[in-house]
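Let's take a walk through this structure together. We will start with some strand pairing, move on to the ligand, and finish with the nonpolar cores.

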Amino acid sequence: VADIPKGFLRATELAHELVAERLVAGDAAVDATAGNGHDTLFLAGQVGPGGRVIAFDIQDVAISSTRGRLEEEGVLDRVTLIHDSHENCVRCLGEHGVGRLKAVMFNLGYLPGGDRSLVTRPEITVSALQSLLGIVVPGGVITLILYIGHPGGSKEAEAVLRFVQSLDPGRFEAVHYLKIIGSKPPPELLAITVR
Ligand SMILES: C[S@@+](CC[C@H](N)C(=O)[O-])C[C@H]1O[C@@H](n2cnc3c(N)ncnc32)[C@H](O)[C@@H]1O
């Protein structure tokens, strides 16, 4: 039967599914690592013309790439692009009048096609995650795609996993999705929802 999928969802596809179940028109969301703008574009589609997406990246080239993608799709007007580290996200969100969020996406590691030395850092990622968890509304979700194939990747994945496992189960629920047989070290997904 043509419609039966050949393999399991990729971590990035599952992240979109988990966010799509919760993020609806008019909501506010953050893309903590804009990169080439695939996740920002997805979030912009979900929140619709009345919603807001704030996207961060430390690299000018990533901000330009994301802007180009959003312009092409005609959704730039509902997105604020911030050329800054996500560790400053809560202050930046306040400055842009955004208080509470329904969804946050992190896609860690380096910019595909870019400088592989500019990667997300464990302590910064965990600090940003901790701050953002404080402003996600009940029913909202945070997704993180973790990579272990580049230098520093497994240390970051371990740090993030350790932090998420330490969260209060009375306030949060979390899942970990990892393909255990597949090609290369596959990316992993962590998703946290607020009760
Ligand atoms: C794997 S890419 C993101 C891919 C992106 N989500 C997409 O859909 O194309 C990771 C990005 O994180 C960015 N980054 C690294 N450290 C950061 C930080 N502290 N704050 C914000 N972005 C950061 C990198 O510049 C890179 O563009």
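Strand 2 (residues 52–57) and strand 3 (residues 79–83) pair in the parallel sense, with five bridges between them. Two strands count as paired if DSSP finds at least two bridges between them, and the elements themselves are DSSP runs numbered from the N terminus, with helices (H or I) of at least four residues and strands (E) of at least two. Before going further, please note that this is a predicted model, in which local features need pLDDT of at least 70 and side-chain atom pairs count only at pLDDT 80 or more, while totals for chains, interfaces and linings use all residues. Residues are numbered from 1 along each chain as its sequence is written, and side-chain values use heavy atoms, leaving out hydrogens and water.

Five of the six residues of strand 2 are buried, so strand 2 is largely enclosed by the rest of the structure. Buried means under 20% relative accessible area, exposed means over 50%, and partly exposed lies in between (1.4 Å probe, protein chains only).

Where does the ligand sit among these residues? It is surrounded by 24 residues, and the closest are Asn-36, Asp-39, Asp-57, Gln-59 and His-86; a residue is near a molecule if one of its heavy atoms lies within 4 Å of it. Asp-57 has an N or O atom in its side chain 2.6 Å from an oxygen atom of the ligand. Backbone N or O atoms take part as well: one of Thr-33 lies 3.0 Å from a nitrogen atom of the ligand, and one of His-38 lies 3.1 Å from an oxygen atom of the ligand. These are polar contacts, meaning pairs of N or O atoms within 3.5 Å; within protein, one atom must be able to donate a hydrogen and the other to accept it, and residues adjacent in sequence count only if both atoms are side-chain atoms.

Gln-59 lies between strand 2 and helix 3. Is Gln-59 buried or exposed? Gln-59 is buried, at a relative accessible area of 11%. Beyond its neighbours within four places in sequence, Gln-59 is in contact (heavy atoms within 4.5 Å) with His-83, Leu-111 and Leu-118. Asn-36 is in the loop between strand 1 and helix 2. Not counting residues up to four places away in sequence, Asn-36 touches Ser-65, Thr-66, Arg-69, Leu-111 and Pro-112. A polar atom of the Asn-36 side chain lies 3.3 Å from the backbone oxygen of Pro-112.

Helix 2 (residues 38–47) comes next, with Asp-39, Thr-40, Phe-42, Leu-43, Ala-44 and Val-47 as its buried residues. Their cover includes helix 1, strand 1, strand 2, helix 3, strand 3 and strand 4. Just after helix 2, Gly-48 takes a positive phi of about 70°.

On to strand 5 (residues 136–146): nine of its eleven residues are buried, so strand 5 is largely enclosed by the rest of the structure. Strand 5 pairs with strand 4 in the parallel sense over six bridges, and six bridges also join strand 5 to strand 7, with these two running antiparallel. In the latter pair, Leu-146 stands opposite Glu-188.

Finally, the nonpolar cores, which are sets of buried Ala, Val, Leu, Ile, Met, Phe, Trp, Tyr and Cys residues joined through side-chain atoms within 4.5 Å. The largest has 34 residues, and those with the most contacts inside it are Leu-101, Phe-106, Leu-129, Leu-132, Ile-142, Leu-144 and Val-160. A second, separate core of 25 residues includes Val-47, Ile-63, Ala-103 and Met-105.
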